[in-house]
Amino acid sequence: MSLEGKTLIVTGGNSGIGEAIACAAARSGANIVVDYVVNPAETDRVIENVEQAGGKAVGVRADVTRLDDLRTMVRKAVDTFGGLDVLVNNAGIETRTSLLETSEEDYDKVMSVNLKSAFFGSQVAGRYFIDARREGLIINVSSVHEEWPMPGNTAYCVAKGGMRMLTRTAGVELAGRGVRMINVGPGAVATPINQSTMDDPDELERLESAIPMGRMARPEEIGDLVAMLATSTAGYLTATTVFTDGGIMQGGLGL
Ligand code: BGC
């Protein structure tokens, strides 16, 4: 299967899992739209990587927490590549703060970047797919923490829990209209979001010993899953989550 002639928007495609998704889809021949807010140079680097991988890419200045900018992103896909096939709501941040420590500002930021962006991104893309009479796919990069508590990262878990219900509820709403929604739920991935853990040998050892596969995921392993879902004709999958976590959620407590 190929993504030749298909266009994906990958939000937060400038680094980490997003960049890996863009490159994996490009290896199957896709066109990619990557957004940036303040760092077009990073986008230029990703565009080069996408082109080397065999795809085409374009950057667009867009803040995913703003509805108008989400519309701009979809318009960019249509103007540049003639349409949109897959929206990947990947942009995400975390503050690693507990309930008692989280400021109002941090809460708003985490909810906007992780959840509001996915909610309104899905709305804008959903309307586009329906109006254009195209089959559409929305993939939300969620986390094991859409259902598995991570004490000390409360706002993030609340946002990912919201993403879980976004995909289930809106996925059902759109199921009869040719639009599917799927969450991908990674465990611990070696990306900038986990830099502080990777820089602390004790913390890293604690994390890896909790993972049945004994290691963090490489971003490419998540990128390949998203590209596989985008490529596949297994078209009966919607309103649910595919976890990719090295077994961490099933780890259990050894005796
Ligand atoms: C979080 C990481 C965490 C990982 C596994 C991810 O969603 O961003 O901070 O290490 O889940 O628990």
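Trainee: How many helices and strands does the chain have, and what does the radius of gyration say about its overall form?

Mentor: The chain of this predicted model has eight helices and seven strands. A compact globule with 255 residues would have a radius of gyration near 18 Å, and the chain has 17 Å, which agrees with that expectation. Along its principal axes, the C-alpha trace spans about 55 × 35 × 35 Å.

Trainee: What is the order of the strands in the open sheet?

Mentor: Strands of a sheet pair through backbone hydrogen bonds, and this pairing is either parallel or antiparallel. Here the pairing is parallel, and the seven strands of the open sheet follow the order S3-S2-S1-S4-S5-S6-S7. Strand S3 (56-61) and strand S7 (240-244) stand at the edges with a single partner strand each, so one side of each has no neighbour in the sheet. On average, neighbouring strands of this sheet are turned by 20° against each other, direction ignored.

Trainee: How many bridges join strand S4 to strand S5, and which residue is the partner of Val 88?

Mentor: Strand S4 (residues 86-89) and strand S5 (residues 136-141) run parallel and are joined by four bridges; in S5, Ile 139 is the bridge partner of Val 88.

Trainee: Which strands do helices H1 and H4 lie across?

Mentor: Helix H1 (residues 16-27) lies across S1, S2, S4, S5 and S6, and runs at about 170° to S1 (7-10). Helix H4 (residues 104-131) lies across S4, S5 and S6, running at about 175° to S4.

Trainee: Which residues are around the ligand, and which side chains have polar atoms facing its oxygen atoms?

Mentor: The residues around the ligand include Glu 94, Arg 96, Met 150, Gly 187 and Asn 194. An N or O atom in the side chain of Ser 143 is 2.7 Å from a ligand oxygen atom, while for the side chain of His 145 the corresponding distance is 2.6 Å. Tyr 156 has a polar side-chain atom 2.7 Å from an oxygen atom of the ligand. Taken alone, the ligand exposes 310 Å², of which the protein buries 94%.

Methods
Residues are numbered from 1 along each chain as its sequence is written. This is a predicted model: local features need pLDDT of at least 70, side-chain atom pairs count only at pLDDT 80 or more; totals for chains, interfaces and linings use all residues. Side-chain values use heavy atoms; hydrogens and water are left out. Two strands pair if DSSP finds at least two bridges between them. Helices (H or I, at least four residues) and strands (E, at least two) are DSSP runs, numbered from the N terminus. Axes are lines fitted to C-alpha atoms, for helices over the stretch in contact, and angles run from 0 to 180 degrees between N-to-C directions. Contact means heavy atoms within 4.5 Å. A residue is near a molecule or strand if one of its heavy atoms lies within 4 Å of it. A polar contact is a pair of N or O atoms within 3.5 Å; within protein, one must be able to donate a hydrogen and the other to accept it, and residues adjacent in sequence count only if both atoms are side-chain atoms. Accessible areas come from the Shrake-Rupley method with a 1.4 Å probe; for residues, only the protein chains shown count as cover. The radius of gyration is taken over C-alpha atoms; the globule rule is 2.2 Å times the number of residues to the power 0.38.
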